[in-house]
Amino acid sequence: MLVEPDFPYPCKSKKGANYIHKNFVPIGLLKLGSLYRDLGCDVQLVRGEKRREEIGKQPDEILVTSVFTYWSKYVWDNIRYYREMFPASIIRLGGIYATLHNKQKKFKKLARALKVRTHKGLHRKAEEYLPDYTLLPKVDYHATHMMRGCIRRCSFCGTWILEPERTNKSKTEIEKELIAIGKNRVIFYDNNILANPHIKEILQLFENLKVNKKPVLYESQSGFDGRLLEKDPELAVLIKKARFQNVRIAWDNGLADQDAIKRQIDLLVMAGYKQNDISIFMIYNFNISYEQMIRKIELCAKWGVQITDCRYRPLELDFDNYNSSMRYGQPTGSYYIHDKSGWNDKKIRDFRSQVRKHNIWVRYAKDKGRPYDKNMERWSDIHTTFKFFKMGRPPQLEIIENSPKWKQCIQSMNKIKRYFNVNNKLSQFDFKGFNLEKVDREIKVIIENLYGNTDNVAKKGM
Ligand code: SF4
């Protein structure tokens, strides 16, 4: 049995710079699924804590994955749950947290108490397999790497520790893989995709590659290494021709790099991307002070590009209780604050809020020559809800505000969305082309199915 713990992945607007795939595809587990099936085992994948009757017979082995070290709580909660359910099964824990923390006292103590065996680093044998997507049939994209390791050694990053050995897929290998998988959307989880020495021929391949007789869309989850773009500007053209979407450039250092970042943006714009569609990856709550980070936002506003922000948490950290909805702050110690460079709770919240406003302005107001206004934020939230139900673009805010029925309907839609997010379920709705009457009818049915009847919704305070 493969277990992906209940990680609290953020669910954000797909259009937004901060869109992170609601559920990362647990590629490692899917590859292990292929390997174990090849060995003749019955394999199932579970996400979070499932009831005994949902699982069936006792598994011989339970393989649990882990991601960010600061989400260790979710890993141990799930392991504890399955250890109680299956005292005799072998439990193995692998993934990022297991690789980085396995020598720490707390980790060892828990592993001993719960009889957990640890797997460190990549699983060499499983790496030879393609992910088994039958274990996650709703995933419509292929998640993969075209290289492992990195040419750099950034102090905040674990890639070079997790993947000390650099390996690169060749054009032929990646072509064979994409054809065998047969999906028309591919997301690369590489940390520094342009560092693959075969990148140019791979991008040329992507330009013409057809799968199911259709072109493929690509995305790199991490930012492009702008220094490599500048070194070989043709890469920007090839990236565009290859149909990479949601392009991001990493700006990890201070203001001294501003000219270089501007040149890198210009390369992408000359290649055919619109400024609005480019995003700048920034790490905050780290060595660059709040004041400099605010200046970085101002420069991004001048350049008309979005920002993808990432709050720094040290690799040694095994908890993170930051709560963005606590607007008036959290007590010291709830989460990591890099006070060495002057960060504090207030500055962290303020920076986050400024990035959010900036992105909404870039997306909805900049091209119309309008300043940011609070209503855009409201409309942006409604837009996200509409996307969840595949309903396209919402009506204008004034129309919604003047329609009690729309307001009620959106409120119920938000409740359903929240239910799905809390329960870590993917959206299954497709309301394309529905009018308000039809949406209203469908929403009532869903709420009734989830909660018995619509009155219970209010009682349960959904
Ligand atoms: S370039 Fe990116 S992947 Fe490489 S070490 Fe730096 S942050 Fe990590």
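Visitor: Where is Tyr133 found?
Guide: Helices (H or I, at least four residues) and strands (E, at least two) are DSSP runs, numbered from the N terminus. With those labels, Tyr133 belongs to the loop between helix 6 (124-127) and strand 6.

Visitor: What kind of model is this?
Guide: Residues are numbered from 1 along each chain as its sequence is written, and side-chain values use heavy atoms, with hydrogens and water left out. Local features need pLDDT of at least 70, side-chain atom pairs count only at pLDDT 80 or more, and totals for chains, interfaces and linings use all residues; the model is predicted.

Visitor: Is Tyr133 buried or exposed?
Guide: Let's start with the cut-offs: under 20% relative accessible area is buried, over 50% is exposed, and partly exposed lies in between (1.4 Å probe, protein chains only). Tyr133 has 11% relative accessibility, so this residue counts as buried.

Visitor: Which residues is Tyr133 in contact with, leaving aside its neighbours within four places in sequence?
Guide: Contact here means heavy atoms within 4.5 Å. With those sequence neighbours set aside, the partners of Tyr133 are Val25, Leu30, Val139, Tyr141, His142, Ala143, Ile181 and Lys183.

Visitor: What is the order of strands in the open sheet of four strands, and which of them stand at the edges?
Guide: Two strands pair if DSSP finds at least two bridges between them. In this sheet the pairing is parallel and the order is 6-9-12-13. Each edge strand has a single partner strand, so one side is left without a neighbour in the sheet; these are strand 6 (142-144) and strand 13 (244-245).

Visitor: Which residues surround the ligand?
Guide: By class, Ala, Val, Leu, Ile, Met, Phe, Trp, Tyr, Cys and Pro count as nonpolar, Asp, Glu, Lys and Arg as charged, and the others, Gly among them, as polar. The shell holds five nonpolar, three polar and one charged residues. By name, the surrounding residues are Cys150, Arg152, Cys154, Phe156, Cys157, Thr159, Trp160, Asn191 and Asn192.

Visitor: How many disulfides are there?
Guide: A disulfide is a pair of cysteine sulfur atoms within 2.5 Å. Cys300 is in no disulfide, and the nearest cysteine sulfur, that of Cys310, is 15 Å away. Cys300 is also buried, with a relative accessible area of 0%. By the sulfur rule, the count of disulfides is zero.

Visitor: What is the bridge partner of Ile249 in strand 15?
Guide: The open sheet of three strands has the order 14-15-16, with parallel pairing. Strand 14 and strand 15 (residues 279-284) run parallel and are joined by three bridges. In strand 15, the partner of Ile249 is Ile280.

Visitor: At about what angle does helix 13 run to strand 15?
Guide: Axes are lines fitted to C-alpha atoms, for helices over the stretch in contact, and angles run from 0 to 180 degrees between N-to-C directions. Helix 14 (residues 345-364) packs on the sheet, touching strand 15 and strand 16, and makes about 155° with the direction of strand 16. Helix 13 (residues 290-303) lies across strand 15 and strand 16, and its angle to strand 15 is about 175°.

Visitor: How many residues of strand 15 are buried?
Guide: In a regular strand, side chains alternate between the two faces of the sheet. On one side of strand 15, Ser279, Phe281 and Ile283 are buried, as are Ile280, Met282 and Tyr284 on the other. The buried count for strand 15 is six of six.

Methods:
A residue is near a molecule or strand if one of its heavy atoms lies within 4 Å of it.
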